[in-house]
Amino acid sequence: MPSENILEVINLKKYFKVSKGVIKAVDDISFTVKYGETFGLVGESGSGKSTTGHVVVGLYAPTSGKILYEGIDMSMGVERRPLNLKKKIQMVFQDPATSLNPKRTIKQIIELPLKVHGISHGDASQKVAELLQMVELPVEYMDRYPTELGGGERQMVAIARALAVNPSFIILDEPTSALDVSIQAKIINMLMRFQKEFDLSYLFITHNLSLMRNVASRVAIMYLGKIAELAPTEEFFYNPLHPYTKMLLSSIPVITDEEEAMKPKKVISTGEIPGALNVPPGCSFHPRCPERLEICDKVDPCMLEISPGHFVRCHLYNSMKV
Amino acid sequence: MFLLEKLKDLGVLSPRKTEDYKKAWYKFSRNPFSVAGLVIVIVVVILAILAPYVTPYPHHAEFFVDFANANQPPSLAHLFGTDQFGRDVLTRVIFGFRYSLIMAATILVIVTPPGVILGLIAGYYRDRWIDMVIMRIADIFVAVPPLVLALAICSVLEPNLFNAMMAVSLMWWPWYTRLVYGMASSLRMEPFIQAAEIIGASKFHIMFKEILPNCLGAILTKVTLDAAWVIILGSALSFVGLGAQPPTPDLGTMLSDGAKYMPTVWWITIFPAMAIAVIILGFNLLGDGVRDVFAAEAH
């Protein structure tokens, strides 16, 4: 029976050696992404969510653990991945101002994946024009430079570049956080449309919980390189289990009483994410945790499946294991 | 021109529109010093090219002796006076531009491509062994004062213009390697390079078509400013007798010859010295202007 997972990440670790020690940017995380779904990865800055995306796409080789793409082992840096698999996984970066080479024209930028993967030889103008039309940009933009475009337009160019090679899996690393609010919805709608149209699976990385609620089918929340809770989106927002999830959800600003009622009971958000070099012992969240137990600063909790598909890594639920 | 078109097709140079050049010229012309530098450089280049036609006594540039007219002070017949052999100093200064410019152009043409390519490679492979090898070798050359190394090489080999140029080239490339290394190793971490890697672009493409175009501004600025430095160094070598040999009208050689007759016959020394100063000033002002243009583009 063919697997329903396009991507499996198993016990993935990515450590960085620095002069003062080892930064465990990603510390033993596992998750799967199903065909056609949007898997959300949330967390504060420094939680390791972007590093996870970078390891999956191959910008960093993992320290240990496995990345399986359609069952094929991809646990290596991108330069050692076979060309025909490279085009399956693409990425859209956070800031299009830095993800597009300022010295290359839009045509040259979009043309590159077409040429590298032999999709079009010689003049690729026709195909580039199609891609520009697809992301609703005027064809005349072909001869312009990224600096001559607006932020939203640049991000659309970046999306066109990612789609040029007909990928099946796209990592969206905060694709809207660097953009004006007015353009964010347009980009998100476009991404959702392309997902249906081209059967894409997304790994959507963001710190924006409200956005996550609208786009993701399942959500994982990361804290200091580890996944704290992983659940289907509904479950994640209506029945959060981990104190960290509760804390974050209750800190979403809301306007109406209705929205307020949907949120978990107010949990006062305390402290900030500690530095990655001095991760607290035991459960790394314990210094900020309002419900900490005695065991919390001694033993690191394991991932528990509380209900089907709903995982949490917290000692509070040790007795509730299914 | 053909070469420029070819580079554009290859994607090393960005395709440009007329308005881009207009913008660049506007930025450049905002600073009167840059324009002055450009004018100086253009005038010097034209004088050097047309030297046999614009000088009053073209044959004085070669072996020529006229002791009857030796050591004449500046006059209408000899605007810059004549030297100890009766040769017209103005003529020799204008021919001297030739050697200075040929030296600068030759050295920079020899030095820039390997320097830049090594810098790109070392920067792209930052922290790998190839980076270590290239940059440590570059460090060795940088550690030796340029004039000292050039002196050593020229005194071992036969002293002439060619050997002087080779000597200067040998110690000049590491500066380009270092310049490009610094830029390439930081550009390498930019998301647009990561994007190219994810796509699967070749290392050649990433180095020469993604990174290099972003370094060209700085390289061109350095080439312009370096022209001045190379001329100083070349003149210094000639001054100590290890560069161009008499009767070649090299500005450095003229300085050292004239120095013996200072201060009474001052014009043999002062005019070549001023000529060197003017070229250097011209290239420096021009280089500043070039830098302004590219700095504006970067923002």
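This is a predicted model: local features need pLDDT of at least 70, side-chain atom pairs count only at pLDDT 80 or more; totals for chains, interfaces and linings use all residues.

Colleague: Is A:Phe236 buried or exposed, and why?

Modeller: The idea is to count neighbours: 20 or more other C-beta atoms within 10 Å make a residue buried. A:Phe236 has 26 of them within 10 Å, so it counts as buried.

Colleague: Which residues is A:Phe236 in contact with, leaving aside its neighbours within four places in sequence?

Modeller: Those are A:Val219 and A:Ala231. As for A:Ile221, it lies 15 residues away along the chain, and its C-alpha atom is 9.5 Å from that of A:Phe236.

Colleague: Now zoom out. How many helices and strands does chain A have?

Modeller: Chain A has 11 helices and 12 strands. Its radius of gyration is 21 Å, close to the 20 Å that the globule rule gives for 322 residues, so chain A is as compact as a globular protein of that length. Of those 322 residues, 45% count as buried. Take contacts between residues at least 6 apart in sequence: in chain A, 60% of them join residues at least 24 apart.

Colleague: And how many residues of chain B are in contact with chain A?

Modeller: There are 17 from chain B, facing 22 residues of chain A. On chain B, α9 (191–199) and α10 (203–239) each supply at least two residues to that side, and α9(B) gives the most, with 8. By type, the chain B side splits into 9 nonpolar, 5 polar and 3 charged residues.

Conventions. Residues are numbered from 1 along each chain as its sequence is written. Chains are lettered from A and ligands numbered from 1 in the order in which they are written. Two residues are in contact if their C-beta atoms, placed from the backbone, lie within 7 Å. Helices (H or I, at least four residues) and strands (E, at least two) are DSSP runs, numbered from the N terminus. Ala, Val, Leu, Ile, Met, Phe, Trp, Tyr, Cys and Pro count as nonpolar, Asp, Glu, Lys and Arg as charged, and the others, Gly among them, as polar. The radius of gyration is taken over C-alpha atoms; the globule rule is 2.2 Å times the number of residues to the power 0.38. A residue is buried if 20 or more other C-beta atoms lie within 10 Å of its own, exposed if 12 or fewer, and partly exposed in between; C-beta atoms are placed from the backbone.
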